[in-house]
Protein chains: 2
Amino acid sequence: MPAHSRPTSKDVAAAAGVSQSTVSMVLSGKWPGRVSEATAQNVREAAQRLGYRPNPAARNLRLGRTRTIMLVVPAITAPFFAAVYTGAAKVAVEHGFSLVVFPWPLEADGPFSGPQEAIDGMLASSMGENSLAGMRRPVPLVMVDSDPAGPAPTVNFDVQAAIGDIVAHLRGLGHTRIGHLAADINVWTFRSRALGLADRVPELVTGRAAISIAAGFETALRMLSAPDRPTALVCDDDTLAAGAHKAARHLGLNVPGDVSITGFDDLYLAEALELTTVRLPAERMGELAMTHLMDVLEGRPATPTLLPAELIIRRSTGTPT
Amino acid sequence: MPAHSRPTSKDVAAAAGVSQSTVSMVLSGKWPGRVSEATAQNVREAAQRLGYRPNPAARNLRLGRTRTIMLVVPAITAPFFAAVYTGAAKVAVEHGFSLVVFPWPLEADGPFSGPQEAIDGMLASSMGENSLAGMRRPVPLVMVDSDPAGPAPTVNFDVQAAIGDIVAHLRGLGHTRIGHLAADINVWTFRSRALGLADRVPELVTGRAAISIAAGFETALRMLSAPDRPTALVCDDDTLAAGAHKAARHLGLNVPGDVSITGFDDLYLAEALELTTVRLPAERMGELAMTHLMDVLEGRPATPTLLPAELIIRRSTGTPT
DNA sequence: ACCCGTCAGTTATACGTATCACTAGAATCA
DNA sequence: TGATTCTAGTGATACGTATAACTGACGGGT
């Protein structure tokens, strides 16, 4: 073995006094009984001694796969997706896969056109219908926080239960005029929240905003300035809730005395502002989604999953005065 | 070409009526003049028509590289690192590289032991000295927000200028008792902030906390309860500032009337709480670091870079009353 | 007429792995 | 005892690419 480069299975073979194919058989562990235990030990020792690590490129070429999974999300800077990534990456490396992020903006409404060639599978979240339609069929896919009726197995939190919890909490406090500060993005999870809310709250008023503190602020300002303003604002995520919180402060309204506010996610924001919010099991969702994807890749069926999401009650909700 | 699998350069060759090597020469573009323009056109058309994409595994095997960069950071869920990732990934894909994250906790003080085999280069941030020492030499490395005197070229923001801006701002408002809510993590960037602050503020009092809202809250509570409490708290990041903000509220202290608070990062948190903070050019740092790494990989020298960081003045700082 | 250089390609080969096809000797069996 | 099966391996090959080495044709210079 040349001193400057990594040892190959051929080097290990030479060191152990066997052939390269024997090394491969021993180390892959897929050929029980093909090699005597004594020889196997010998090979393993030699590999250990030389610090042998199989060359992934050669293995990928031979096996026709890449051991790479692509995570398609709008932005890794959004804490929810960062948490999904973290959970998914953990499981991926356990299985010897690596996970790369492919950003696919929420606004992108055309068919998905990522590099679907060099990957073994895909995890995706928050894609519009049209984008989804652009997925070429053969790539194994698991979706996170997406329509269970869609083309791939999903890992979701229980949106309807969460909405139910929020409404029950607010009704229990005595709220009768409830507003919805909705993310104006046409993806399943937000449509689903809106529908669930409309089902349970006949008097619902809705305002729409892009997902940012600034946009939430503007829209909440409008909603809270209206005559007969809502006494509670259900926001589609914590960023919007933070905007609403700021709007309330700006209007001299007391939180929660004059207006109660709830969010979704339970990021730093919610802790800092002491927001009542639905804590999404983002990291767990990433873990499970990747586990399911591994199942699919190994030919096992993937079981769609619904996780509970906990309503965290803090100081942004209370009895209307 | 079998209908079920991707076309190879051999398929393209057959379609264009030339040899595989000609296809390779044409498509790599590295052999100007070796192939006639007519043939080249012909090959390019065939490749286009078949939808040919080179097999990365084969290319990697042949060329002995992986086109993969590893980003070593404590946690991708921290918004600063997520932003660095975003910037770095953008540049990486432009160069045909993919970027994988390897988590290396702040607490990890042993030598770094990531899989340094299957990558072409590394970007790292916030590593302790001992971890850094564990890096095997030959892997090209660029560091982000790290000691410029370290073993690799760095991309930093101007910590000293930022500290200078904060102190000047607070002095200008009339503050005389300034405290430092410090991250109790032994990495260069935080040591550097503490040193810069100690240089400029003789009366400095320091409290230490892990980077979280809860820990910041506890420590700030202690600092703000002391006799002769500071009238301004310089926090090492926005999370700690959020904790300090909460502590002030908890003690019935007015922000900024009774206590001014500053942070670092300019995440969502700072916007939501209207914190005065230093906006770090995280995404730009990621971009530049990856650009430098590409330079190194192509044999060009990497130029260490210092970016300005802007002090964003909001409502958490003011004249002490 | 001879040699040489250039042009425009082709052929052959190596990268490192996994696996298929084969085999020498030992063990089993009728 | 001769035929068969089993054991524990070896040897050869293919994955798809990039490139070094080769080749035949043509034109120019002397």
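Author: Start with axes: they are lines fitted to C-alpha atoms, for helices over the stretch in contact, and angles run from 0 to 180 degrees between N-to-C directions. Helices (H or I, at least four residues) and strands (E, at least two) are DSSP runs, numbered from the N terminus. This is a predicted model: local features need pLDDT of at least 70, side-chain atom pairs count only at pLDDT 80 or more, and totals for chains, interfaces and linings use all residues. Residues are numbered from 1 along each chain as its sequence is written, while chains are lettered from A and ligands numbered from 1 in the order in which they are written.

Reader: How do α7(B) and α8(B) cross?

Author: Two packed helices are described by the angle between their axes and the distance between the axes. Here, the axes of α7 (residues 159-173) and α8 (residues 188-200) of chain B come within 9 Å and cross at roughly 45°. That makes α7(B) oblique to α8(B). The scale is this: angles under 35 degrees count as roughly parallel, over 145 as roughly antiparallel, 65 to 115 as roughly perpendicular and the rest as oblique.

Reader: Is the crossing of α7(B) and α8(B) left-handed or right-handed?

Author: Right-handed. A crossing is left-handed if the near helix is turned anticlockwise from the far one by less than a right angle, and right-handed if clockwise.

Reader: Which residues of α7(B) and α8(B) meet?

Author: Two residues are in contact if their C-beta atoms, placed from the backbone, lie within 7 Å. From α7(B) come Val159(B), Gln160(B), Ile163(B), Gly164(B) and Val167(B). They meet Thr189(B), Ser192(B), Arg193(B), Gly196(B), Leu197(B) and Arg200(B) of α8(B). By class, this contact has 4 nonpolar, 5 polar and 2 charged residues. Ala, Val, Leu, Ile, Met, Phe, Trp, Tyr, Cys and Pro count as nonpolar, Asp, Glu, Lys and Arg as charged, and the others, Gly among them, as polar.

Reader: At what angle do α7 and α8 of chain A pack?

Author: At about 45°, with their axes 9 Å apart. That makes α7(A) oblique to α8(A). Their crossing is right-handed.

Reader: How many residues does each chain give to the contact?

Author: Chain B gives 31 residues and chain A gives 31 residues. On the side of chain B, α5(B) supplies the largest share, 6 residues. That side divides into 20 nonpolar, 6 polar and 5 charged residues.

Reader: Which residues come nearest to DNA strand D?

Author: A residue is near a strand if its C-beta atom, placed from the backbone, lies within 6 Å of it. Of the 27 residues around DNA strand D, Ser19(A), Ser21(A), Thr8(B), Ser9(B) and Ser21(B) come nearest. By class, the surface has 8 nonpolar, 13 polar and 6 charged residues.

Reader: And which are closest to DNA strand C?

Author: Thr8(A), Ser9(A), Ser21(A), Ser19(B) and Ser21(B), out of 26 residues that surround DNA strand C.
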